[in-house]
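Please open the model in the viewer and keep the sequence panel at hand.

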Amino acid sequence: SNSQLFKREDTSDTMLGFLRKPVVVTAEINMNLVALTVMGLISRLWGLSYPRAVVFDEVYYGQFVSLYMKRIFFVDDSGPPFGHMLLALGGYLGGFDGNFLWNRIGAEYSMNVPVWSLRLLPALAGALCVPLAYQILVELQFSHCAALGAALLILLENSLITQSRFMLLESVLIFFILLAVLSYLKFYNLQRHSYFSGSWWFWLLLTGVACSCAVGVKYMGLFTYMLLLAIAGLHFWHMIGDQNLSNVSLMCHFLARGLALIIIPVAMYLSFFYVHLTLLYRSGPHDQIMTSAFQASLEGGLARITQGQPLEVAYGSQITLRNVLGKPMQCWLHSHTNTYPIRYENGRGSSHQQQVTCYPFKDVNNWWIVKDPGMQQLVVSNPPRPVRHGHIVQLVHGITTRYLNTHDVAAPLSPHSQEVSCYIDYNISMPAQNLWRVEIVNRESDTDVWKTILSEVRFVHVNTSAVLKLSGASLPEWGYRQLEVVGEKLSKGYHQSMVWNVEEHRYGKSQEQKEREVELHSPTQMDISKNLSFMAKFTELQWKILTLKNEDTEHKYSSSALDWITMDTNIAYWLHPTSGAQIHLLGNVVTWASANIAALVYTCLSLWYLIRRRRKIYDVPEDAWQLWVSAGGICVGGWAVNYLPFFLMEKTLFLYHYLPAVTFQILLIPIVLQHLSDHLCRSLLLKSMFSALIVAWFSSVYFVYCTFRPVTYGEPSLSVTELKDLRWKDSWNILIRKQ
């Protein structure tokens, strides 16, 4: 019994033993990695909201972000939707409502635009490229010193800093490319001693996910994906020769790679489009290029709207009027209860009448009623009385019931044109002038009836002969940045900005205002859309993206692929409206030159080694040779696949297209330097001299970074002399204001 008692005590001691000692968790933290991540974040996130203005291609991507916020369908021929969705995610997290007109570079952002949030994800992606570069070289079995050098070169690369600090996609693309490379290297290194483990599966699957994300951001990611597939195929080919692996084991390896590197990326790519099409369920300016069935699947799609609409516009018709020009964007004649300010910022007065604008989104306030000036009724008679070319009409705003009006008062932004408003009777000496003559521009005879969609119409003001026109200027905050509509006094000839067509049309039935408002809020007719399957919609949209061609016009900052290697070109991203502060896409000259030299040295040395090895002369040990080849396959291969395809592309090219390629080339610099130090500097003196040269060279990299820092971050403002001093090449376009 005593022995049983002792056994019980031993058991209880064992069970309670863990309570007598503290629970200790040990973790290895690579302080190099932590420090590099912090420095990367500081360099990319510092002053991220500056400048608070549209910078270069933000004017392009911002439009798509606004459309995401409004859930309006669009097609972008530059690539798949994943990158756009990431930018839109930044807007969503910042509470952006999508109300901003991205119509010109340099436009000041209104207070509703969360600039920091919109630029955050590209900046984070750019910052994380710094520790990724470090880890890639560590996984390639190079020293921590070489890995640190690669990370610092990425950190101090002016062009990568500039590109990652704005709402642009190159930094996101580079991040996913580097993540895919790192994941594959980690997977491959685990392959040697522990395959089919949890971490082995994690890195293999992450490789496929990162590849899919890279392709989903821009089609250029496809080339790195193909490179990694080729490397994976080569490694598997070597595995086939391993006699220790059974046929079943080889088949499992093959299926695992097929699942992770082909099936999952394809499934993810499809999922990007699925989310894209789910989010963008409303009709917009781009759906007109899609098939009728596709349009009908969108809420408010044109096929659904026009089918069953009355063809002939009659007195009492309820219509929306779209401007035919479609520039700077498609918009509809619009009014709302707000009035023009009594005085504008420059002190000029207005009529203080109800605002009339052109609004780029479908809205209930876009509806107008065509009224016969001689009758009070706002409903269509039976039978309908069609409106013909030359008829005089009044246009009544559906929701506010005020009449479209113009008079001899200067327009807010176009003082040489007349203000267009909806008339409010203030009981002062300003009578209503609300009669308009309908002129069908594309008529076949002078008795043509005004038709829905088909007729292109000008509205000529009876009292002043002014023509209703879209000026294209964006109104200030008081006009919600909507587009200005004016009465053009000198109507010389035909111009599309003066031409409108009826898009949505119904015959009005309700004379009472409250009933009419319910009618205006209701859809033009029942939903008759065909239920297109996702794959049918995906196939059509994918085909449009691949085949849609924008008119390629020569851009001021476009360049040829040959200009990029020597950086004979730059791009002015932003210029301060008054001072000399500006932002340019310019690379670190020393880094780019060193990258070219490193690539040349690598190529020459590799050829020399190959010839010598053919003669059975081995200058470097076998493991060093394998390291040299694998590093070249990744870095030189990565540079080649991201650069050479541009010579085959018929599109407008810019310097930023070279950034993924030059990133791989920069990674090659410390690889070549370590190889030269380890294998060609045989004596201690040579190694010391070589190390001193590297320190001097890196100091010059830092000096160039600091020199061009003002045009990388846009501050501080530089004087004319300082700006001229930055023009190291005659081909660089540094902006200098005329004094």
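Select I571 first: this residue stands opposite L585 in β14. The model is predicted: local features need pLDDT of at least 70, side-chain atom pairs count only at pLDDT 80 or more, and totals for chains, interfaces and linings use all residues. Residues are numbered from 1 along each chain as its sequence is written, and side-chain values use heavy atoms, with hydrogens and water left out.

Strands are DSSP runs of E with at least two residues, numbered from the N terminus.

Next, select Y184, F187, Y188, Y195, F196, W200 and W201, a cluster linked by ring pairs. Rings of Phe, Tyr and Trp (its six-membered ring) pair if their centres lie within 6.5 Å; planes under 30 degrees apart count as stacked, over 60 as edge-to-face and the rest as tilted. The count by this rule is 49 aromatic pairs. Among them, Y195 and F196 are edge-to-face, 5.8 Å centre to centre with 85° between the planes. Y195 is partly exposed at 37% relative accessible area, and F196 is partly exposed at 32%.

Finally, display R506, whose charged end sits over the ring of W367, 4.5 Å from its centre (NZ of Lys or CZ of Arg within 6 Å of the ring centre and within 35 degrees of the ring normal). Then select R709, which lies over the face of Y713 at 4.5 Å from the ring centre.

Terms used:
Two strands pair if DSSP finds at least two bridges between them. Helices (H or I, at least four residues) and strands (E, at least two) are DSSP runs, numbered from the N terminus. Buried means under 20% relative accessible area, exposed over 50%, partly exposed in between (1.4 Å probe, protein chains only).
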